[in-house]
Amino acid sequence: MVFSNIVVAVDGSTASQEAVDHAVDLARHSNAVLTGIFILDSQWPDFIGNDWQSSKGARQGFLDHIRVEQEEQAAAARAQFESASGGLEHATFHVHAGDPTDVLIEQANSDKTDLLITSRRVFQVSGRPSLKALGTTLARKALRPILLLP
Amino acid sequence: MSNESPGFFRQLPSALPGLALIILTMVVIRNWIEPWMTDAVVFGSKGWLVKVTHLNYILLGIICGLLYRNILFGGKMPEIFSNGFKLSRLMIKTGIIMLGSLYTFSAIVQLGAMAIFLIGGFVILTIIMVLWLGKAFGLDRSMTGVLANALSVCGVSAAVATSPAVEAKASHVAYAIATILGFGILTMFISPFIGHALNLTDLQYGAWIGTGILNSGQVLAAALAFNPNVAPGTAVSVAEIWNIMRVISIPFAVFAVTVWYWAGRDESDATGKKKSLGTLLVEKFPVFVIGFLVMVFFTSMGAFGDVGLKNGPPASETIKMMRLWMTWIFGFGLVGLGGYIDFKELRQAGGTPLKLGLIVGTTKYVLALIVVFLIKDYLVAI
């Protein structure tokens with residue numbers, strides 16, 4: 001099977017390092033275009049929806065605090081991807097926003113993606129507990145080839 | 001990352017579908033479902049569904065919101081309804097401000113003295129217990145700080161207020177919130193049963209759940225589930241005074257935990273994070289509490305007529321009408337609150353934060369009930 005476009009989920013963690021290394025090897029052997037993606041988790045306002053008491057300032061201060069952490073993670077993910085993909089001719093890195101699970105399913109099912117590579121433990125740094133089931137959900141809903149690493 | 005909603009009026013047109021769903025749900029519940037449950041004969045007993053399950057329009061509304069999100073919409077509120085459900089927060093705040101019309105300042109002083117004693121004691125003891133257990137379980141310091149305030153003050157709001165000050169990571173906050181909401185939802189449904197089984201009065205029940213339930217939304221729901229009436233002396237009127245006391249303590253609790261967190265650390269790291277009590281009071285003090293106090297002021301001045309306090313003249317027509325509106329506003333708000341309960345998030349919560357949360361939450365819940373029994377003769381009815 002020939003892969004022309006490979007997408008790998010990167011979050012800067014040790015879990016995603018293995019996925020990036022596999023993706024780079026595969027892209028090199030297939031001469032494929034490699035795209036690294038990080039997803040800023042946009043579900044936090046919804047996740048704290050039960051909070052009706054906070055003043056607008058306190059709520060906004062909290063969301064800004066979470067956003068700063070995620071932007072730092074995005075920077076770490078980019079550094080991880082660029083370090084591993086050094087020497088690859090066609091390697092790009094993109095930052096998306098949304099629910100990490102939904103964005104990964106969308107990427108996996110896109111016509112432009114021949115293979116999605118990800119670790120089951122990716123995006124745990126985003127924090128929300130439901131992301132623990134990301135790998136299982138992806139395996140259930142992906143319609144195109146995926147490589148799911150531990 | 002899309003962070004917050006735009007202003008109320010800009011948001012209103014896009015909120016209409018969600019608001020319509022919330023209003024329709026509550027209208028159907030109050031006009032058809034609740035009356036049907038009251039009259040239905042189950043196991044040969046008329047009204048069994050209400051007498052035994054204690055389901056009233058409040059709990060039914062929360063259950064509907066919960067089913068919309070988790071069953072009908074597959075775990076996520078569709079975009080078309082999302083802004084309307086966001087406005088449910090505003091409805092609850094409006095309802096709480098209107099609750100100010102249940103009290104005069106003298107009634108607040110009578111109830112509030114005991115509330116300060118109970119809430120203050122429980123907040124301090126809970127913080128100490130969490131800090132001690134956090135150390136014993138080897139929990140991260142930031143995580144412990146978030147849990148300390150979330151479990152002692154008022155759940156999600158306290159976690160939101162504390163996290164930036166103790167450098168909490170997203171995962172810390174997420175697990176704290178999931179733990180609190182899981183425990184809060186459980187206590188919200190079982191408390192009315194326990195209250196009725198123990199024959200608690202509205203005063204005792206309100207004092208118990210106002211102290212023992214972790215999250216404010218669930219305090220409100222559990223109070224109205226026990227007795228849906230909104231009047232002086234009902235469970236909600238007592239529980240909300242307790243709750244207001246907890247809310248007022250947020251800036252103080254954030255300050256105390258921040259001081260603990262930064263103790264022994266390099267002060268230069270704390271720049272912009274460790275704030276003075278005055279700054280925290282300005283930043284974290286919930287404005288709706290001021291609205292509530294303004295309402296109490298007008299009520300005390302007799303702006304809405306007689307309040308209907310115990311041994312006093314009956315409530316005026318204006319006050320009665322406001323109380324009817326409140327029942328609807330809380331009904332709408334709590335359908336929205338149910339729509340924010342995500343089973344996926346709760347199911348995946350776990351680990352040490354959950355263990356610590358369950359130990360402290362259960363201790364607080366049971367201890368509050370014991371204390372309320374012990375001081376029942378000192379609780380003052382209004």
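**Pocket lining, salt bridges and a nonpolar patch**

Both chains contribute helices to the lining of the largest pocket: α2 (44-47), α4 (100-108) and α5 (134-141) of chain A, and α3 (57-72) and α16 (343-348) of chain B, each supply at least two residues. The model is predicted. The volume of this largest pocket is about 610 Å³. Its lining comprises 30 residues, of which A:Ser130, B:Gly74, B:Gly75, B:Asp342 and B:Lys344 are the closest to the pocket centre. Helix α16(B) provides the largest share of the lining, with six residues. By class, the lining residues are nine nonpolar, nine polar and twelve charged.

Salt bridges were examined next. Over all chains, the structure holds 15 of them. One links B:Arg69 to A:Asp46, with the closest N and O atoms 2.6 Å apart. This pair joins two chains, because B:Arg69 lies in helix α3 of chain B and A:Asp46 in helix α2 of chain A. B:Arg69 is buried, at 3% relative accessibility. A:Asp46 is partly exposed, at 21%.

A second bridge pairs A:Arg128 with B:Glu345, the closest N and O atoms being 2.5 Å apart. A:Arg128 sits in the loop between β4 (115-119) and α5 of chain A, and B:Glu345 in helix α16 of chain B, so this pair also joins two chains. Both partners are buried: A:Arg128 has a relative accessible area of 5%, and B:Glu345 has one of 4%.

B:Arg69 also forms a salt bridge with B:Asp342, at 3.6 Å from N to O. Here the contact stays in chain B. B:Arg69 belongs to helix α3 and B:Asp342 to the loop between α15 (317-338) and α16, so the bridge ties together parts that are 273 residues apart in sequence. B:Asp342 has 10% relative accessibility and counts as buried. Through shared partners, salt bridges also join A:Asp41, A:Asp99, A:Asp102, A:Arg128, B:Lys76 and B:Glu345 into one network.

On the surface, a nonpolar patch is formed by B:Phe105, B:Val287, B:Ile290, B:Leu293, B:Val294, B:Phe297, B:Phe298 and B:Met301. Together these residues have about 730 Å² of accessible area. Helix α14 (residues 287-300) of chain B gives the largest share of the patch, six residues. B:Val287 lies in this helix. With a relative accessible area of 56%, B:Val287 is exposed, since the cut-off for that class is over 50%.

Note on methods:
Residues numbered from 1 in each chain as written. Chains lettered and ligands numbered in written order. Predicted model: local features only at pLDDT ≥ 70, side-chain atom pairs only at ≥ 80, totals over all residues. Heavy atoms only, no water. 1 Å grid on protein atoms, 1.4 Å probe; cavity = no way out; pocket = protein on both sides within 12 Å on 5 of 7 lines; lining within 4 Å. Points joined across faces, edges and corners; volume = space filled by probe spheres on them. Helix = DSSP H or I, 4+ residues; strand = E, 2+ residues; numbered from the N terminus. Nonpolar A, V, L, I, M, F, W, Y, C, P; charged D, E, K, R; others polar. Patch = residues over 30% accessible without salt bridge, like charges linked within 9 Å, V, L, I, M, F, W, Y side chains within 5 Å. Areas by Shrake-Rupley, 256 points an atom, 1.4 Å probe, with all protein chains shown as cover. Salt bridge = Lys/Arg side-chain N within 4 Å of Asp/Glu carboxyl O. Buried < 20%, exposed > 50% of the residue type's maximum accessible area, 1.4 Å probe, protein only.
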